[in-house]
Amino acid sequence: MKTPLMPKATAVWLIDKTSLSFDQIADFVGMHPLEVQAIADGEVAQGIVGYDPVANGQLAREEIGKAEADPSYRLQLLESAIPLPKARGKGARYIPVAKRNERPDAIAWLLRNFPQLSDPQIVKLLATTKETIQKVRDKTHPNTANIKPRDPVTLGLCTQTALNEAVAAANLRTGATNTTPIMSADDAA
């Protein structure tokens, strides 16, 4: 559902300048009717200047007239000729420097416990590279002697939910049945 720009300020203007019901205003601005009532009572949005949706091309004056005449009528937001900006993605996930040295341990654990996971799935889970995964797999990583397989969830590199989803997707893709991690004595400690 699309809402107008500056919903609280729009609600303030509609409360002050129209005889619309709280339900109609709440429906239009995407708020709860009790929030709109609190704005009307002066408990919320004190000092917010009303934003005129008619002057800003978000609502037609005729729409307000129809809604004032019929309490069951719901206001419709006008389509804007101005294109909306595209939503940007989140970008790369940040891993603290202290955790970066633990990634090879997590990669080794995933390779040992869930061989059905693809390299792109591991890349996404641990924010690593395919090259690092290959080096851990081939034991050509510069720190191979010190790599101890450890659970990435306990290391804080991914969430249990993300790991479960990746394993479930890999199981569907490959037909594998390994859904529970195998814990070694090192993992249990």
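Predicted model: local features only at pLDDT ≥ 70, side-chain atom pairs only at ≥ 80, totals over all residues.
Reader: Which residues of helix H3 are buried?

Author: Within H3, residues 33-41, the buried residues are Val36, Ala38 and Ile39. Buried residues have under 20% relative accessible area.

Reader: Why are the buried residues of H3 said to line one face of the helix?

Author: Viewed down the axis of H3, the buried residues fall within an arc of 160°, and therefore they line one face.

Reader: What covers the buried residues of H3?

Author: The cover includes helix H1 (7-17) and helix H2 (22-29).

Reader: Which residue follows H3?

Author: Gly42 follows H3, and its phi is positive, near 85°.

Reader: Why are H7 and H8 called roughly perpendicular to each other?

Author: The axes of H7 (residues 119-126) and H8 (residues 130-138) cross at roughly 110° and come within 9 Å. Angles of 65 to 115 degrees count as roughly perpendicular, and H7 and H8 are therefore described in this way. The crossing in which H7 passes H8 is right-handed.

Reader: Which residues of H7 and H8 meet?

Author: From H7, Asp119, Pro120, Ile122 and Val123 meet Lys130, Ile133, Gln134 and Arg137 of H8. The residues of this contact comprise four nonpolar, one polar and three charged.

Terms used:
Residues numbered from 1 in each chain as written. Heavy atoms only, no water. Axes fitted to C-alpha atoms, helices over the stretch in contact; angles between N-to-C directions. Helix = DSSP H or I, 4+ residues; strand = E, 2+ residues; numbered from the N terminus. Parallel < 35°, antiparallel > 145°, perpendicular 65-115°, else oblique. Left-handed = near helix turned anticlockwise from the far one by under 90°. Contact = heavy atoms within 4.5 Å. Nonpolar A, V, L, I, M, F, W, Y, C, P; charged D, E, K, R; others polar. Buried < 20%, exposed > 50% of the residue type's maximum accessible area, 1.4 Å probe, protein only. Arc of directions from axis to C-beta.
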